[in-house]
Amino acid sequence: MRMPIRRTFVAAVMVCLLLSGRADAASRKKKPAASPQFSYYLLVLSYAPDFCDQPQGNKDPRECGAGRHVGFVVHGLWPQGETSRGPQNCGPARPVSQAIIQATLKYVPTESLIQHEWAAHGTCSGLSAADYFAALRKARDSVTVPTDVDQPTQKLQFSPAQVESKLAAANPSFPKTAFRTSCYKDGELQEVRICLNKDLSPRACGPSAGECPLPNVVLLPVR
(Lines give C-alpha, C1' and ligand atoms only; values in the text may rest on other atoms or scores of the structure.)
Protein backbone atom coordinates (compact mmCIF):
# COMPACT_ATOMS: atom_id res chain seq x y z
CA MET A 1 0.00 0.00 0.00
CA ARG A 2 2.90 2.38 0.64
CA MET A 3 4.23 2.41 -2.92
CA PRO A 4 1.00 3.41 -4.71
CA ILE A 5 0.42 6.21 -2.18
CA ARG A 6 3.96 7.47 -2.66
CA ARG A 7 3.67 7.38 -6.44
CA THR A 8 0.37 9.25 -6.22
CA PHE A 9 1.95 11.91 -4.01
CA VAL A 10 4.92 12.35 -6.37
CA ALA A 11 2.59 12.62 -9.37
CA ALA A 12 0.54 15.26 -7.58
CA VAL A 13 3.67 17.29 -6.82
CA MET A 14 4.77 17.09 -10.47
CA VAL A 15 1.37 18.29 -11.69
CA CYS A 16 1.50 21.25 -9.29
CA LEU A 17 4.99 22.20 -10.49
CA LEU A 18 3.91 21.95 -14.12
CA LEU A 19 0.86 24.13 -13.56
CA SER A 20 2.94 26.65 -11.62
CA GLY A 21 5.45 26.83 -14.46
CA ARG A 22 2.70 27.44 -16.97
CA ALA A 23 1.19 30.16 -14.81
CA ASP A 24 4.58 31.88 -14.52
CA ALA A 25 5.07 31.70 -18.29
CA ALA A 26 1.60 33.13 -18.89
CA SER A 27 2.31 35.92 -16.44
CA ARG A 28 5.52 36.78 -18.28
CA LYS A 29 3.69 36.87 -21.60
CA LYS A 30 1.00 39.18 -20.24
CA LYS A 31 3.45 41.61 -18.68
CA PRO A 32 3.40 44.79 -20.80
CA ALA A 33 6.58 45.84 -22.52
CA ALA A 34 8.38 48.84 -21.06
CA SER A 35 7.65 52.13 -22.82
CA PRO A 36 10.48 53.31 -25.11
CA GLN A 37 12.74 55.84 -23.45
CA PHE A 38 12.90 59.40 -24.78
CA SER A 39 13.81 62.80 -23.35
CA TYR A 40 11.49 65.32 -24.95
CA TYR A 41 9.24 66.06 -27.92
CA LEU A 42 9.94 67.83 -31.18
CA LEU A 43 6.89 69.57 -32.62
CA VAL A 44 7.77 69.57 -36.32
CA LEU A 45 6.12 72.13 -38.60
CA SER A 46 6.65 71.66 -42.33
CA TYR A 47 6.58 74.71 -44.60
CA ALA A 48 4.08 73.70 -47.29
CA PRO A 49 5.09 76.00 -50.21
CA ASP A 50 8.68 74.74 -50.11
CA PHE A 51 7.61 71.11 -49.63
CA CYS A 52 5.25 71.42 -52.60
CA ASP A 53 8.10 72.82 -54.73
CA GLN A 54 10.30 69.78 -54.07
CA PRO A 55 10.36 66.98 -56.70
CA GLN A 56 9.75 64.19 -54.16
CA GLY A 57 6.81 63.50 -51.89
CA ASN A 58 3.05 63.16 -52.20
CA LYS A 59 1.68 66.54 -53.31
CA ASP A 60 -1.86 66.34 -52.02
CA PRO A 61 -3.99 69.25 -53.35
CA ARG A 62 -5.25 69.94 -49.83
CA GLU A 63 -1.72 71.05 -49.01
CA CYS A 64 -0.32 72.02 -52.40
CA GLY A 65 -3.35 73.13 -54.40
CA ALA A 66 -3.42 76.68 -55.79
CA GLY A 67 -5.59 79.03 -53.78
CA ARG A 68 -5.22 77.07 -50.53
CA HIS A 69 -2.80 79.60 -48.96
CA VAL A 70 -1.27 76.92 -46.73
CA GLY A 71 1.83 77.95 -44.79
CA PHE A 72 3.08 75.77 -41.97
CA VAL A 73 1.42 72.41 -41.27
CA VAL A 74 2.14 69.91 -38.53
CA HIS A 75 4.45 67.17 -39.73
CA GLY A 76 4.50 65.41 -36.38
CA LEU A 77 5.17 65.30 -32.66
CA TRP A 78 8.33 63.24 -32.33
CA PRO A 79 9.71 61.60 -29.19
CA GLN A 80 13.34 62.62 -29.15
CA GLY A 81 16.54 61.57 -27.39
CA GLU A 82 18.67 64.23 -25.73
CA THR A 83 21.67 63.55 -27.93
CA SER A 84 20.21 61.20 -30.55
CA ARG A 85 17.11 60.62 -32.60
CA GLY A 86 14.27 59.16 -30.63
CA PRO A 87 12.70 55.70 -31.02
CA GLN A 88 10.54 54.94 -34.04
CA ASN A 89 8.01 52.27 -35.04
CA CYS A 90 7.63 50.96 -31.51
CA GLY A 91 4.75 48.55 -31.95
CA PRO A 92 1.63 47.57 -33.86
CA ALA A 93 -0.17 50.62 -35.23
CA ARG A 94 -3.86 49.97 -35.68
CA PRO A 95 -5.66 52.35 -38.07
CA VAL A 96 -6.41 55.71 -36.50
CA SER A 97 -10.13 56.22 -35.96
CA GLN A 98 -12.14 58.54 -38.18
CA ALA A 99 -13.00 60.68 -35.15
CA ILE A 100 -9.31 61.32 -34.48
CA ILE A 101 -8.61 61.94 -38.16
CA GLN A 102 -11.38 64.51 -38.47
CA ALA A 103 -10.17 66.32 -35.33
CA THR A 104 -6.58 66.36 -36.63
CA LEU A 105 -6.94 67.25 -40.34
CA LYS A 106 -6.92 70.94 -39.40
CA TYR A 107 -3.35 70.41 -38.21
CA VAL A 108 -1.98 67.52 -40.32
CA PRO A 109 -3.10 67.87 -43.95
CA THR A 110 -3.74 64.26 -45.00
CA GLU A 111 -5.08 61.00 -43.57
CA SER A 112 -2.02 59.10 -44.79
CA LEU A 113 0.35 61.42 -42.90
CA ILE A 114 -1.77 61.10 -39.75
CA GLN A 115 -1.54 57.31 -39.92
CA HIS A 116 2.19 57.44 -40.71
CA GLU A 117 2.91 59.71 -37.76
CA TRP A 118 1.03 57.42 -35.41
CA ALA A 119 2.91 54.35 -36.67
CA ALA A 120 6.36 55.95 -36.75
CA HIS A 121 6.24 58.24 -33.71
CA GLY A 122 2.97 57.99 -31.79
CA THR A 123 3.54 54.34 -30.93
CA CYS A 124 6.75 55.41 -29.16
CA SER A 125 5.06 58.03 -26.97
CA GLY A 126 3.52 55.61 -24.47
CA LEU A 127 0.14 57.26 -25.18
CA SER A 128 -3.02 55.98 -26.78
CA ALA A 129 -3.79 57.26 -30.28
CA ALA A 130 -6.45 59.58 -28.87
CA ASP A 131 -4.10 61.03 -26.25
CA TYR A 132 -1.19 61.30 -28.68
CA PHE A 133 -3.12 63.32 -31.23
CA ALA A 134 -4.70 65.42 -28.49
CA ALA A 135 -1.15 66.24 -27.35
CA LEU A 136 -0.14 67.04 -30.95
CA ARG A 137 -3.04 69.45 -31.33
CA LYS A 138 -2.37 71.06 -27.94
CA ALA A 139 1.31 71.47 -28.76
CA ARG A 140 0.54 73.19 -32.07
CA ASP A 141 -2.02 75.48 -30.47
CA SER A 142 0.62 76.61 -27.97
CA VAL A 143 2.91 77.99 -30.70
CA THR A 144 2.41 81.26 -32.59
CA VAL A 145 3.91 81.48 -36.08
CA PRO A 146 4.31 85.08 -37.25
CA THR A 147 2.13 85.94 -40.26
CA ASP A 148 5.05 87.33 -42.27
CA VAL A 149 6.70 83.89 -42.02
CA ASP A 150 3.58 81.72 -42.26
CA GLN A 151 1.80 83.60 -45.06
CA PRO A 152 4.37 85.47 -47.17
CA THR A 153 3.07 86.96 -50.42
CA GLN A 154 6.52 87.09 -52.01
CA LYS A 155 9.71 85.08 -51.95
CA LEU A 156 11.70 85.65 -48.75
CA GLN A 157 15.22 84.82 -47.67
CA PHE A 158 16.45 84.64 -44.08
CA SER A 159 19.27 83.07 -42.20
CA PRO A 160 18.21 80.10 -40.03
CA ALA A 161 18.96 82.26 -36.97
CA GLN A 162 16.59 84.96 -38.24
CA VAL A 163 13.75 82.47 -38.67
CA GLU A 164 14.35 81.19 -35.15
CA SER A 165 14.49 84.73 -33.77
CA LYS A 166 11.16 85.59 -35.39
CA LEU A 167 9.57 82.55 -33.79
CA ALA A 168 11.14 83.35 -30.41
CA ALA A 169 9.84 86.94 -30.58
CA ALA A 170 6.32 85.67 -31.31
CA ASN A 171 6.52 83.24 -28.38
CA PRO A 172 8.07 85.19 -25.48
CA SER A 173 7.23 82.50 -22.92
CA PHE A 174 9.49 80.04 -24.78
CA PRO A 175 13.27 79.91 -24.36
CA LYS A 176 14.95 81.52 -27.36
CA THR A 177 16.75 78.23 -27.91
CA ALA A 178 13.48 76.26 -28.21
CA PHE A 179 13.42 76.72 -32.00
CA ARG A 180 15.43 75.07 -34.77
CA THR A 181 15.23 75.02 -38.56
CA SER A 182 15.92 72.35 -41.16
CA CYS A 183 16.33 72.92 -44.87
CA TYR A 184 16.37 71.14 -48.20
CA LYS A 185 19.60 70.80 -50.17
CA ASP A 186 18.47 73.54 -52.56
CA GLY A 187 18.22 76.01 -49.69
CA GLU A 188 14.44 76.06 -49.31
CA LEU A 189 13.09 75.91 -45.76
CA GLN A 190 11.96 72.40 -44.86
CA GLU A 191 10.76 72.64 -41.26
CA VAL A 192 10.81 74.55 -38.04
CA ARG A 193 11.18 72.41 -34.94
CA ILE A 194 9.97 73.38 -31.49
CA CYS A 195 11.31 71.59 -28.42
CA LEU A 196 8.86 70.65 -25.66
CA ASN A 197 9.05 68.69 -22.45
CA LYS A 198 6.91 65.58 -22.08
CA ASP A 199 4.24 67.71 -20.40
CA LEU A 200 4.37 70.00 -23.50
CA SER A 201 5.96 72.90 -21.65
CA PRO A 202 8.65 74.67 -23.72
CA ARG A 203 12.32 73.87 -23.25
CA ALA A 204 15.67 74.48 -24.90
CA CYS A 205 16.49 72.15 -27.76
CA GLY A 206 19.12 69.47 -27.36
CA PRO A 207 21.79 68.72 -29.96
CA SER A 208 19.61 66.01 -31.49
CA ALA A 209 17.09 68.60 -32.74
CA GLY A 210 19.32 69.35 -35.72
CA GLU A 211 19.94 72.62 -37.54
CA CYS A 212 20.07 73.84 -41.14
CA PRO A 213 23.76 74.15 -42.06
CA LEU A 214 23.22 76.70 -44.85
CA PRO A 215 23.75 80.46 -44.38
CA ASN A 216 20.28 81.30 -45.72
CA VAL A 217 16.93 79.64 -46.37
CA VAL A 218 14.28 80.55 -48.93
CA LEU A 219 10.56 80.75 -48.19
CA LEU A 220 8.37 80.70 -51.28
CA PRO A 221 5.07 82.59 -51.17
CA VAL A 222 1.91 80.70 -50.23
CA ARG A 223 -0.11 79.43 -53.17
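# Exercises on a predicted chain

Pro215 lies in the loop that links β5 and β6. The model is a predicted one, and the exercises below start from this residue.

**Exercise 1.** Determine whether Pro215 is buried or exposed, and find which residues Pro215 touches beyond those up to four places away in sequence.

Solution. 
- Step 1. The relative accessible area of Pro215 is 62%. The cut-off for exposed is over 50%, so Pro215 counts as exposed.
- Step 2. With residues up to four places away in sequence set aside, Pro215 touches Phe158, Ser159 and Pro160.
- Step 3. For Pro215 and Phe158, the separation is 57 residues in sequence and 8.4 Å between C-alpha atoms.

**Exercise 2.** Identify the buried residues of helix α8, say how they are arranged around the axis of α8, and list elements that cover them.

Solution. 
- Step 1. Helix α8 spans residues 160-170, and its buried residues are Pro160, Val163, Glu164, Leu167 and Ala168.
- Step 2. An α-helix has 3.6 residues a turn, so residues three or four places apart point the same way.
- Step 3. The cover over the buried residues of α8 includes β3 (156-158), β4 (179-183), β5 (189-196) and β6 (217-219).

**Exercise 3.** Describe how helices α5 and α6 pack, by angle, distance and hand, and name the residues that meet.

Solution. 
- Step 1. Two packed helices are described by the angle between their axes and the distance between the axes.
- Step 2. The axes of α5 (residues 111-120) and α6 come within 11 Å, with a crossing angle of roughly 110 degrees. The two helices are therefore roughly perpendicular to each other.
- Step 3. The crossing of α5 past α6 is right-handed.
- Step 4. On the α5 side Ile114, Glu117 and Trp118 take part, and they meet Ala129, Tyr132 and Phe133 of α6.
- Step 5. The buried residues of α5 are Leu113, Ile114, Glu117, Trp118 and Ala120. Their cover includes β2 (72-80) and α4 (98-104) as well as α6.

**Exercise 4.** Find the size of the largest nonpolar core and the residues with the most contacts inside it, then list what Ile194 is in contact with away from its sequence neighbours.

Solution. 
- Step 1. The largest nonpolar core holds 43 residues, and Leu43 and Ile194 have the most contacts inside it.
- Step 2. Helix α6 (residues 129-141) gives the most to this core, namely six residues.
- Step 3. Neighbours within four places in sequence aside, Ile194 is in contact with Tyr41, Leu42, Leu43, Leu45, Val143, Phe174, Ala178 and Phe179.
- Step 4. There is also a second, separate core of seven residues, among them Trp78, Cys195, Cys205 and Ala209.

**Exercise 5.** Summarise the chain by its elements, burial and contact range.

Solution. 
- Step 1. The chain has eight helices and six strands, in the order α-β-α-α-β-α-α-α-α-β-α-β-β-β from the N terminus.
- Step 2. Of its 223 residues, 45% count as buried.
- Step 3. Of the contacts between residues at least 6 apart in sequence, 76% join residues at least 24 apart.

Terms used
Residues numbered from 1 in each chain as written. Predicted model: local features only at pLDDT ≥ 70, side-chain atom pairs only at ≥ 80, totals over all residues. Heavy atoms only, no water. Core = buried A, V, L, I, M, F, W, Y, C linked by side-chain atoms within 4.5 Å. Buried < 20%, exposed > 50% of the residue type's maximum accessible area, 1.4 Å probe, protein only. Helix = DSSP H or I, 4+ residues; strand = E, 2+ residues; numbered from the N terminus. Contact = heavy atoms within 4.5 Å. Arc of directions from axis to C-beta. Axes fitted to C-alpha atoms, helices over the stretch in contact; angles between N-to-C directions. Parallel < 35°, antiparallel > 145°, perpendicular 65-115°, else oblique. Left-handed = near helix turned anticlockwise from the far one by under 90°.
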